Amino acid sequence: MADLLRHHRHHAPGAGEIPVPHGPSTGDEHEHYPKSVSMDQQHAIFSYLTHPDDCYTPEGTYWADLPLKERVKFVNNVQNKEAWEEVKAIGRMMKEDPLSPVSWYWTNAVLPGAGLGLEGYVLFSIGNLEPLFRSTWPQCWGKNATECSANWVASVTYLEVIGIMVGQMAVGVIGDWIGRRWGLIQDAAIMFVGLLMITASWGLDLNGWVICYAWSLSFYGFGVGGEYPITATSSMENAVSAGKLSTREDRLHRGRKVTMAFLMQGWGQFFNQALLIILLLIFHHGDGNPPYGTTTTQWLWRVSFAIPAVGTLWLVYHRAYKMPHAGRQLAAVKKKSNVTGYDVDSLRLACNIFGGRLLATAGTWFCNDVFFYGNKLFQAQFIAVLSGPTESVMTGWIWNLYNVIVSLVGYYLASILIDNKFYGRKMMQQVGFLMCFIMFVVPAFNYEYYTSPAGIKAFQAMYFLSSFFNQFGPNSVTFLVAGEVFPTPIRASAHGFSACIGKAGALLASVLYNYIDTQTKFYVVPWFGLAGMLLTWLFLPDTTGLDLKEQERRWAYIRAGRDQDYHGIAVHPKHLSLWERLRGVGKNYNPELDRRQKIEDIREEWEGKERARAQKEAGGDATGMDDLSDDEWTDEVHHYFRNTREPSEKERAAAVTGKGGEIMMTPASISTPSSAAMTEKGDEEKPGSSSASSAR
């Protein structure tokens with residue numbers, strides 16, 4: 001860096017020297033840059049921002065542009081180094097406090113995913129409680145019900161799923177319109193009230209109770225549905241990436257951070273099933289076998305819903321008072337775009353540009369939920385095949401507990417490998433769909449053998465493997481990519497829409513499964529796995545290793561109508577879907593042009609922060625510019641921008657008028673470093689540089 005700067009000590013200002021943009025000369029030491037800066041000098045200053053070492057080689061080559069052998073070596077080196085650094089960090093934490101890793105996990109996984117944990121607990125309790133209700137009240141829940149309407153009993157599932165769908169769409173829009181924080185608080189409050197309604201549901205007769213129970217679940221479902229878009233987007237847009245052009249943590253661990261929150265859904269299922277087993281033993285005098293008295297059943301299911309109500313009330317408090325900056329990233333983006341309220345233009349533009357991505361996220365989620373929710377809502381019927389005929393609900397519950405434990409292994413393995421550049425999002429989802437297809441299509445066409453004593457062990461293995469690969473595949477990936485592949489202004493809306501279409505798959509399963517037998521279900525379900533795999537292969541881009549800020553950078557060009565002027569890695573073929581590559585989206589990728597653009601984009605962000613800081617110091621409105629810290633930029637970057645920026649009109653006037661009004665130099669003779677002077681002599685000017693500011 002020393003050869004870049006020219007240092008001067010204690011000299012008098014020379015005659016005619018223009019003290020711009022450094023301010024008036026004082027005689028003290030100062031430094032400035034030559035008007036022509038070479039490419040190597042720029043690289044020395046900006047490489048940690050434009051070419052971070054976890055993505056680029058020292059020569060500036062992007063990892064996905066390397067030959068296969070070098071690519072494998074580079075990626076493995078980065079990931080092994082990062083893993084070792086994390087192991088050492090855990091060691092340091094445990095040395096200071098042996099329980100500090102537990103505290104870290106609580107903060108980074110349990111709290112962000114608490115809403116989804118409660119969702120998993122309550123939603124899947126329907127399938128767990130159904131065999132108990134059927135055994136206790138056969139006149140209502142049985143096949144030959146006489147005291148309850150069969151339609152109302154079936155509506156318990158339908159209305160909850162419909163409530164979830166409405167919540168996903170509505171809260172997705174609210175999250176992009178009013179803000180993430182409001183959506184988080186609103187969801188927790190609705191879930192709390194919904195749990196109170198479920199726990200207290202009653203009726204003059206059994207049919208009246210079923211109606212009250214169904215509508216209470218529907219109200220609760222609205223809050224549950226909102227958890228999907230609001231939790232996913234807020235987990236992505238946390239303090240790691242807020243206000244940053246590029247962050248190592250976001251590139252290497254964003255998927256893990258989101259899926260760690262999402263896997264709380266699996267823990268919700270686990271604790272629900274474990275608690276139901278414990279409560280049955282408590283209220284049924286230590287015995288899990290029938291007959292089950294109405295008092296036992298009433299106490300059991302009401303207590304099982306009252307317990308999470310306490311946790312949900314705490315969640316309302318935590319989100320209202322401990323998460324004041326949940327919507328900061330969205331506010332900053334809206335301020336840059338001069339948007340208040342809902343960004344309708346971004347929604348319209350995103351639907352035109354990213355229509356294929358929306359088809360991928362919504363279509364694959366639909367296919368997955370036919371598998372996932374269909375199996376969960378009717379798991380008692382599937383497990384009855386595995387465990388054999390029995391009247392005890394305890395047998396089915398224990399089998400389901402095994403299934404949930406297998407699923408949890410899939411959740412955690414997905415969290416570990418979802419940021420791996422050689423496996424990552426897209427490959428994980430394709431493999432997961434393929435394995436689910438295989439695990440269902442094989443027993444479907446030889447059902448009698450696999451349900452016989454000779455084949456039941458293989459059937460059990462395939463059923464559990466399908467649960468494992470569903471979590472270690474589409475169920476985890478769909479939750480992440482439905483928000484990740486879309487820009488910030490409409491991220492929650494896109495996620496909510498995709499999740500809503502996904503729940504249509506659950507609704508389809510809940511309706512269809514009531515009218516077909518178990519073997520027919522195995523005939524129907526596999527083809528959704530195959531369809532999901534094909535949709536993933538054709539329409540889903542792979543965003544593994546691509547940080548959100550780079551995607552926002554591309555979106556800024558798109559929103560300014562200059563999509564063809566963006567040349568960065570967000571349009572690298574590695575990060576585009578097959579559909580986008582066939583449409584020629586990746587033809588504008590050009591590393592050299594992108595290098596120049598990045599510096600100008602960083603300059604623009606730097607100038608924006610400087611203006612916001614000045615405005616804040618003057619007592620003006622700096623909404624959306626809360627993060628004005630300089631920890632992202634080194635002193636060399638600050639010096640470079642301060643000494644090569646275009647002077648303001650006020651500074652130009654000061655330059656030509658000396659003390660007492662004496663003219664020092666005519667305006668025509670003033671020259672300042674330009675964008676072209678900041679590139680190596682002979683480099684062509686960046687396309688569209690005259691309108692660089694419009695990209696933001």
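## Terms and model

Buried means under 20% relative accessible area, exposed means over 50%, and partly exposed lies in between (1.4 Å probe, protein chains only). This is a predicted model, in which local features need pLDDT of at least 70, side-chain atom pairs count only at pLDDT 80 or more, and totals for chains, interfaces and linings use all residues. Residues are numbered from 1 along each chain as its sequence is written, and side-chain values use heavy atoms, with hydrogens and water left out.

## Confidence

pLDDT is the predictor's confidence in each residue, from 0 to 100. The chain mean is 82. Of the residues, 83% reach 70 or more. Residues 1-33 have pLDDT below 50. Beyond near neighbours in sequence, that stretch has 56 contacts in the model, where contact means heavy atoms within 4.5 Å. Residues 659-696 also have pLDDT below 50. Their stretch has 76 contacts in the model beyond near neighbours in sequence.

## Overall make-up

The chain has 28 helices and two strands. Both kinds of element are DSSP runs, numbered from the N terminus: helices are H or I with at least four residues, strands are E with at least two. The chain has 696 residues, and buried ones make up 55% of them. Among contacts with a separation of 6 or more, 82% join residues 24 or more positions apart.

## Helix α12

Thr 312 and Arg 302 can be read together. Thr 312 lies in helix α12 (residues 294-321), and Arg 302 lies in helix α12 too. Thr 312 counts as buried because its relative accessibility is 0%. Leaving aside neighbours within four places in sequence, Thr 312 touches Leu 118, Ala 188, Met 191, Phe 192 and Leu 195.

Arg 302 is buried as well, at 14% relative accessible area. Arg 302 and Thr 199 are 103 residues apart in sequence, yet their C-alpha atoms are 5.0 Å apart in space.

## Packing of α2 and α3

Two packed helices are described by the angle between their axes and the distance between the axes. Here, the axes of α2 (residues 68-96) and α3 (residues 100-110) come within 8 Å and cross at roughly 115°. The axes are lines fitted to C-alpha atoms, for helices over the stretch in contact, and angles run from 0 to 180 degrees between N-to-C directions.

Helix α2 contributes Ile 90, Met 93 and Met 94, which meet Ser 100, Pro 101 and Trp 104 in α3. By class, this contact has five nonpolar residues, one polar and no charged. Ala, Val, Leu, Ile, Met, Phe, Trp, Tyr, Cys and Pro count as nonpolar, Asp, Glu, Lys and Arg as charged, and the others, Gly among them, as polar.

## Salt bridges

A salt bridge is a side-chain nitrogen of Lys or Arg within 4 Å of a carboxyl oxygen of Asp or Glu. By this rule there are 30. One of the pairs is Asp 542 with Lys 574, at 3.7 Å from N to O. Asp 542 sits in the loop between α23 (526-539) and α24 (548-559), and Lys 574 in the loop between α24 and α25 (578-582), 32 residues apart. Asp 542 is buried at 7% relative accessible area, whereas Lys 574 is partly exposed at 27%.

Asp 601 pairs with Arg 553, with the closest N and O atoms 2.7 Å apart. Asp 601 lies in helix α26 (residues 591-617) and Arg 553 in helix α24, so the bridge ties together parts 48 residues apart in sequence. Both Asp 601 and Arg 553 are buried. Lys 598 and Asp 594 form another salt bridge, at 3.7 Å from N to O. Both lie in helix α26, four residues apart, about one turn of the helix. Lys 598 is buried at 9%, and Asp 594 is buried at 4%. Elsewhere, salt bridges that share partners join Asp 53, Asp 54, Glu 82, Arg 248, Arg 251 and Asp 547 into one network.

## Cysteines

A disulfide is counted when a pair of cysteine sulfur atoms lies within 2.5 Å. The structure holds one. It joins Cys 140 to Cys 148, with S to S at 1.9 Å. The link of Cys 140 and Cys 148 is left-handed, with -100° about the S-S bond. Cys 140 and Cys 148 are both buried. Cys 55 is buried at 2% relative accessible area, and Cys 500 counts as buried at 11%.
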